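I set out to record a few local features of this model, one entry at a time.

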Amino acid sequence: MTPEEIKAQILALSKEYYRQVRPDQKRAGYIPASGKKLGEEELCNMIEASLDMWLTAGRFNAAFEKKFAEKLGVKYALTTNSGSSANLLALTALTSPKLGKKRLKKGDEVIAVASGFPTTVNPIIQNGLIPVFVDSEIKTYNIDIDQIEKAISPKTRCIFLAHTLGNMYDMDRIVDICQKHDLWLIEDSCDALGAKWADKYAGTIGHIGTFSFYPAHHLTMGEGGAVITNDPQLYRIILSVRDWGRDCWCAPGHDDTCHARFKMQLGNLPQGYDHKYTYSHIGYNLKITDWQAACGLAQFDKLDDFLQIRRKNAETLLEELADLQEYLLLPSHHEKCTPSWFGFLISVKENAPFTKQQLVEYLEKHGIGTRQLFAGNLLRQPMMTTSDAILRIGGGAPIKGTDLTSQDYESLPVTDFIMNHTFWVGVAQNVTVEEMKQTALVFHDFVKEFEK
């Protein structure tokens, strides 16, 4: 047999193996809050990547980056090993000396929110910048845009926000604020792949967009993420920071694509020092493997179907829970936004005869997976209360994390409401409309206990 014939037989047997084992077989009585949906295509792609024995990012990665950029309608897409790394790359890129007067410097301020995931805020602190926390709004759970301008100071240089669980914040108003104050805008779209503001995808409207491909997300590589931009200078900087900080942009296995490898003089290096080993940034190695890209490439072909499933599941919950709005706040979105729901956020009203804790425990006991809106209030987390990092809340004065008081928390009332009253249930591609209806029945059974 030829190598190609052997490969074909291996892949054929892999498909047969998948069909017999069926890792996506029906679950036993538990409806998860999130999860992946893999098929034989992902398995075969990863086996083919193994047969290549390339190991690091290769042909599958190149194909994924190209398709990802084309899908979103941007010029550049770079994969990375996680969505958290994507956020770190995005913000670190804006500190590059190559940006001249536009670069972010230590002590500059970045507008953020506390009701979210830590690694949207961590890169601000990791780069010696100051996060400025603005409160959120109910029902969309995004930043309260009316409060942003009050929080802006002469040191404010950037807005870095996540679209909450696939529900986009008001991009028109955010862009207007950025243009008015000459601010960078990073869209953390890790939970919002496929969401649209009018006809533009989440992540494509700001200067930089970031994405995550963790198993809970809209498509998965296991671990993985991506950074996108339309700016060629930012692309080169992000590429450099991702790839050890090197100045060279050659792909692995390729040398001298600039035809000037031994002709440059940079920094205090000697003339002609190998450009492949010249470093222009304090960087990292945050690349992915070709196995991850192979999995993601197969997933990518299913993305539109996955998004449709998520939207249908969310619509079903909206319909099935509509009669419980005396007790529950259901999510809403701006009329210009087409969400790509990551999860279905629900808040228990303050005057309800039960608490969020009681409802969540009941749901979990009866086979319905639940999740918090991540950190709830980051400023109450140990990572902040034990940190000497400098921050601001709204228009307040700079303080250390260790100096936070109850009075400071009172400046973020909606954030605390979210921490105490809000949670979400799953609508991902690994659950069905029938399971959404079952989820709603469990909600109704719980409420009936308090209506007797």
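I looked up aspartate 182 and found it exposed, because its relative accessibility is 51% and exposed means over 50%, buried under 20% and partly exposed in between (1.4 Å probe, protein chains only). Aspartate 182 sits in the loop between α7 (171-181) and β5 (184-188); helices (H or I, at least four residues) and strands (E, at least two) are DSSP runs numbered from the N terminus. Its phi is near 55°, a positive value in a residue other than glycine.

I note that the model is predicted, that local features need pLDDT of at least 70 and side-chain atom pairs pLDDT 80 or more, and that totals for chains, interfaces and linings use all residues. Residues are numbered from 1 along each chain as its sequence is written, and side-chain values use heavy atoms, without hydrogens and water.

I then turned to alanine 198, in the loop between β6 (196-197) and β7 (200-201). Its phi is also positive, near 55°, and alanine 198 counts as partly exposed at 45% relative accessibility.

I checked helix α4 (residues 83-93) next: ten of its eleven residues are buried, so the helix is largely enclosed by the rest of the structure. Among the buried residues are Leu88, Leu89 and Leu91.

Finally, I placed tyrosine 277 in the loop between α8 (232-242) and α9 (290-300). Tyrosine 277 is partly exposed, with a relative accessible area of 47%.
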